[in-house]
Structure formats: C-alpha cells, structure tokens
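Please keep the sequence and the structure in view while reading.

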Amino acid sequence: MRLILKPLFEAELPADFLEILKTKLNGRELREGETITVDILGKPLRFEVAYAEPRVLKVKKNTRIEISRSPISLIEMEFEREIEGLVPFSGGFVIVFKDEVLILNRKGHKIFNKQFEKLKEVKTSGNSVAVVHDDKKLTLIHVP
C-alpha cells in the first residue's frame with residue numbers, strides 16, 4: 001500500500017516528519033484526489049492525496065507514505081520479475097512479463113492482469129488490448 005501526499009503549504013519538513021504523519025494518519029481512510037487536514041502541534045496542515053494504491057486506502061503501519069512537492073506527478077514501480085515489454089495505449093500502459101499481462105491506467109492503478117500460457121505477442125488499438133497466446137489463441141481485452 002502506497003500513499004503520496006502533496007503539501008498545500010510552504011514549510012520545510014523535518015527528517016522525522018513522515019513517521020509523525022504516519023502516526024497521525026494511522027487508521028484513517030483516504031481517497032485519491034481528496035484534500036485532507038492533519039493537526040500537528042495544534043496547527044492544521046493541508047495535503048492533497050496525489051496518489052493512493054488502492055485508490056481508497058486505510059492507512060496502516062505498513063503503508064508507504066511519500067511527500068511530493070513537484071507539480072509533476074512521479075510514480076515509480078518495481079516488480080518482482082523482469083519486464084519483457086511495455087505497450088502504451090489510450091487508456092494507459094500494458095506491461096508484458098514472460099507469461100503475464102498487466103494493464104495499468106495512466107496513474108499506475110491496476111486495471112487488469114492475467115497469466116497466459118505461451119504468451120507470444122501483445123498489441124493495442126484504441127482502448128483494446130490483443131494478446132496472442134497458446135499457439136492458436138487470441139484474447140481481446142476492452143478497457144473502459
């Protein structure tokens with residue numbers, strides 16, 4: 001679980017701020033895109049929830065919290081296996097692994113994923129993803 005917050009105020013944040021913030025947010029349900037207020041030392045601090053995975057997230061001890069000051073959204077992802085290919089389409093990106101297809105929207109949220117035997121090729125057209133697999137099979141995935 002991952003949470004990226006954008007401060008809506010100007011101030012230098014101390015090194016241990018993320019731990020304080022995590023303690024204040026523990027148990028709270030947050031939604032991507034909403035503005036939240038956190039009371040720290042009697043002062044309300046406002047943040048925008050720039051990214052939440054899942055989109056509605058209940059903050060727990062293992063939630064990874066990051067602060068982003070940049071107006072540009074940067075989301076880095078690391079997978080447990082090697083990425084074989086990346087195919088962009090109008091709704092986002094298709095990440096191709098050796099035997100699996102993962103479809104993410106432009107914000108990095110999972111839309112679809114499935115393993116395919118003998119995965120051969122992945123192509124896109126508009127909001128559709130075509131997967132050739134198992135020697136003679138074609139699977140069409142329509143992304144809303």
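What volume does the largest pocket have? The largest pocket has a volume of about 570 Å³, where a volume is the space filled by probe spheres set on grid points that are joined across faces, edges and corners.

## Basis of the values

This is a predicted model, in which local features need pLDDT of at least 70 and side-chain atom pairs count only at pLDDT 80 or more, while totals for chains, interfaces and linings use all residues. Residues are numbered from 1 along each chain as its sequence is written, and side-chain values use heavy atoms, with hydrogens and water left out.

## The largest pocket

A pocket is defined on a 1 Å grid over the protein atoms alone, as an open set of points where a 1.4 Å probe fits, with protein on both sides within 12 Å along at least five of seven lines, and lining residues have an atom within 4 Å of a point. Of the 18 residues that line the largest pocket, Y51, E53, M77, E78 and F79 are the closest to its centre. Two or more lining residues come from each of β4 (43-53), β9 (100-105) and β10 (110-115), and β9 gives the largest share, 3 residues; strands here are DSSP runs of E with at least two residues, and helices are runs of H or I with at least four, numbered from the N terminus.

By class, the lining holds 7 nonpolar, 2 polar and 9 charged residues, with Ala, Val, Leu, Ile, Met, Phe, Trp, Tyr, Cys and Pro counted as nonpolar, Asp, Glu, Lys and Arg as charged, and the others, Gly among them, as polar.

## The mixed sheet and its helix

An open sheet of 4 strands runs in the order β3-β4-β1-β6 with mixed pairing, two strands being paired if DSSP finds at least two bridges between them. Its edge strands are β3 (35-40) and β6 (64-67), each of which pairs on one side only, and the twist averages 35 degrees from one strand to the next. Strand β1 (residues 2-7) pairs with β6 in the parallel sense over 4 bridges, and L3 has I65 in β6 as its bridge partner.

Helix α1 (residues 17-25) packs on this sheet and touches β1, β3, β4 and β6, with its direction at about 105 degrees to that of β3; axes are lines fitted to C-alpha atoms, for helices over the stretch in contact, and angles run from 0 to 180 degrees between N-to-C directions.

## The antiparallel sheet and S128

A further open sheet has 3 strands in the order β11-β12-β13, with antiparallel pairing. β11 and β12 pair over 5 bridges, with V122 opposite V131 in β12, whereas β12 and β13 (residues 137-142) pair over 6 bridges, with L140 in β13 as the bridge partner of A130. The hairpin of β12 and β13 has 3 residues between the strands, and D134 there takes a positive phi near 55 degrees.

S128 lies in β12 (residues 128-133) and, leaving aside its neighbours within four places in sequence, is in contact (heavy atoms within 4.5 Å) with K123, I141 and H142. The side chains of S128 and H142 are joined by a polar contact of 2.8 Å, that is, a pair of N or O atoms within 3.5 Å, of which, within protein, one must be able to donate a hydrogen and the other to accept it, while residues adjacent in sequence count only if both atoms are side-chain atoms.

## Backbone features in loops

The peptide bond from E53 to P54 is cis, with omega near 5 degrees, and P54 is found in the loop between β4 and β5 (56-58). K118, in the loop between β10 and β11, has a positive phi of about 50 degrees although it is not a glycine.
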